[in-house]
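Hi there,

Here is the structure I promised to pass on. Please have it open while you read, as my notes follow directly below.

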Amino acid sequence: MTGPLTGKTIIEIGHMLAGPYCGMLLSDLGARVIKVESPEGDIGRNIGPHYVGKHNTYFASLNRGKESVTLDLSSEAGKTGLAKLVGMADGLLTNLRPAAIKKLGLTYDSLKDIKPTISCLALTGYGLEGPYADSPAYDYVIQAMTGVMLLTGDPDGPPVKPGFSAVDNSAGIMGALGLVAKMLEGKGGQIDVSMYDTMMSQLNYLGSSYLNTGELTTRIKDGGHPYIVPAQLFPTRDGYIVLFITHDKFWRLFAESLEESEWLSDPRFAKMSGRSANRDLVVAAISGRLMEKTAEEWVQQLAPLGLVVASICSLPDALEGALAASRNMVIEIPVDDDNLRLIGTAIKIAGESPDFRAPPALGEHNALISG
């Protein structure tokens with residue numbers, strides 16, 4: 001392995017998404033990640049119908065580069081095996097329910113006698129303690145409980161769930177940050193990261209606005225920004241573009257490109273404050289003009305001016321496009337007689353190249369705990 005976490009060993013006891021994603025991020029950064037699974041394996045091994053050779057693509061997308069050890073943590077043999085792994089580890093992460101975490105002895109208080117310097121991350125729905133601690137927590141539920149769904153979608157439509165696992169992924173990233181910070185400190189201890197807290201923290205300026213002024217942000221048509229106008233989706237002749245104009249300087253460039261001199265003299269248009277106060281008027285005027293050309297024609301006209309504009313990509317467009325290729329965001333791992341294609345890492349470090357390896361077979365590294 002290569003990377004800033006080379007030489008660090010982390011035990012992962014998790015399933016499905018948030019925990020395994022957290023572990024994979026650390027593996028991509030060079031850590032040795034030993035995934036402890038029940039004899040039946042992470043249920044993520046069997047989610048979805050897609051396989052490349054023997055590799056389930058859902059599981060592979062979250063578990064590349066790891067080692068796999070099978071243990072029944074409720075048995076004496078399992079506890080002995082876990083103790084052996086803890087003795088060689090710098091960190092432990094788990095996304096089991098709090099009751100299971102405590103029962104199986106996966107907290108710092110339970111493990112400190114084995115390894116005083118081990119850093120233990122509990123990645124849960126609502127925290128290790130408290131009245132909600134053992135309530136079921138999934139991405140969908142947390143999005144509902146934090147107001148994220150009610151903030152998403154058009155005002156006349158139903159609440160909308162973002163099209164990917166925003167909560168699980170965000171919690172995995174937050175957990176990785178917390179665990180690395182605690183390992184850097186070198187003292188050992190408990191890290192408590194919850195999915196609920198993670199999403200609440202990402203409400204930042206929306207939450208601050210309500211807490212300090214009572215102003216409630218509501219859904220705006222076409223995904224409009226609550227303060228910046230124009231900053232939203234706009235229909236064109238053949239599809240949608242995103243247009244995001246944050247400064248009056250960029251507004252001037254936009255208006256001049258569309259030969260709309262009145263937009264530079266009319267106080268309802270010329271300044272950010274005017275545009276924000278007259279959202280409907282400004283958006284209607286822009287929408288009428290943008291219907292004159294195709295999405296790609298507008299991008300070609302406006303992007304060279306330095307304006308923030310883009311057409312809407314499909315998932316295949318994004319994955320197979322030139323930008324993803326230039327950023328090495330699609331990788332290939334040889335497996336059997338085929339190639340497993342996965343999303344690459346978002347963290348690029350000068351002079352280092354991640355060692356992307358295939359996900360482990362169940363119990364492939366049981367020799368670590370034998371003898």
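**Gly344 and its surroundings**

Setting aside residues up to four places away in sequence, Gly344 touches Arg64, Asn328, Met329, Val330 and Ile331, where contact means heavy atoms within 4.5 Å. Before I go on, this is a predicted model, in which local features need pLDDT of at least 70 and side-chain atom pairs count only at pLDDT 80 or more, while totals for chains, interfaces and linings use all residues. Residues are numbered from 1 along each chain as its sequence is written, and side-chain values use heavy atoms, with hydrogens and water left out.

Gly344 lies in the segment after E13; helices (H or I, at least four residues) and strands (E, at least two) are DSSP runs, numbered from the N terminus. With 10% relative accessibility, Gly344 counts as buried, on a scale where buried means under 20% relative accessible area, exposed over 50% and partly exposed in between (1.4 Å probe, protein chains only). The C-alpha atoms of Gly344 and Ser194 are separated by 25 Å, and these two residues are 150 residues apart along the chain.

**Two pockets**

Gly344 also turns up in the largest pocket: among the 38 lining residues, Tyr21, Ser61, Asn169, Ile343 and Gly344 lie nearest its centre. For the terms, the search runs on a 1 Å grid over the protein atoms alone; a cavity is a set of points where a 1.4 Å probe fits but cannot get out, whereas a pocket is an open set with protein on both sides within 12 Å along at least five of seven lines, and lining residues have an atom within 4 Å of a point. The largest pocket has a volume of about 1,200 Å³. Grid points are joined across faces, edges and corners, and a volume is the space filled by probe spheres set on the points.

Which elements give two or more residues to the lining of the largest pocket? They are helices H1 (18-28), H2 (57-63), H7 (166-185) and H16 (315-320), together with strand E13 (338-343). H7 gives the most, with 9 residues. Sorted by class, the lining of the largest pocket has 26 nonpolar, 8 polar and 4 charged residues. Here Ala, Val, Leu, Ile, Met, Phe, Trp, Tyr, Cys and Pro count as nonpolar, Asp, Glu, Lys and Arg as charged, and the others, Gly among them, as polar.

The second largest pocket holds about 570 Å³ of space. It is lined by 21 residues, and the closest to its centre are Val148, Leu151, Thr152, Tyr205 and Leu206. Helix H9 (residues 204-213) supplies the largest share of this lining, 3 residues. By class, the lining of the second largest pocket has 11 nonpolar, 9 polar and 1 charged residues.

Val148 is also a contact of Gln143, along with Met149, Lys161, Pro162, Phe164, Ala166 and Val167, leaving aside neighbours of Gln143 within four places in sequence. Gln143 lies in helix H6 (residues 139-145) and, at 0% relative accessibility, counts as buried.

**Rings and charges**

How many aromatic pairs does the structure hold? There are 7; rings of Phe, Tyr and Trp (its six-membered ring) pair if their centres lie within 6.5 Å, with planes under 30 degrees apart counted as stacked, over 60 as edge-to-face and the rest as tilted.

Tyr205 and Tyr227 form a tilted pair, 6.2 Å centre to centre and with 55 degrees between the planes. Tyr205 is in helix H9 and Tyr227 is in the loop between H9 and strand E9 (231-235), so this pair ties together parts that are 22 residues apart in sequence. Tyr205 is partly exposed at 39% relative accessible area, and Tyr227 is partly exposed at 31%. Elsewhere, ring pairs link Trp251, Phe254, Trp263 and Phe269 into a cluster.

Lys161 lies over the face of Tyr140, 4.9 Å from the ring centre; a charge sits over a ring if NZ of Lys or CZ of Arg is within 6 Å of the ring centre and within 35 degrees of the ring normal.

**Backbone details**

Most residues other than glycine have a negative phi, and most peptide bonds are trans. The peptide bond from Val229 to Pro230 is cis, with omega near 0 degrees, and Pro230 lies in the loop between H9 and E9. Asn328, one of the contacts of Gly344, has a positive phi of about 55 degrees although it is not a glycine.

Best wishes
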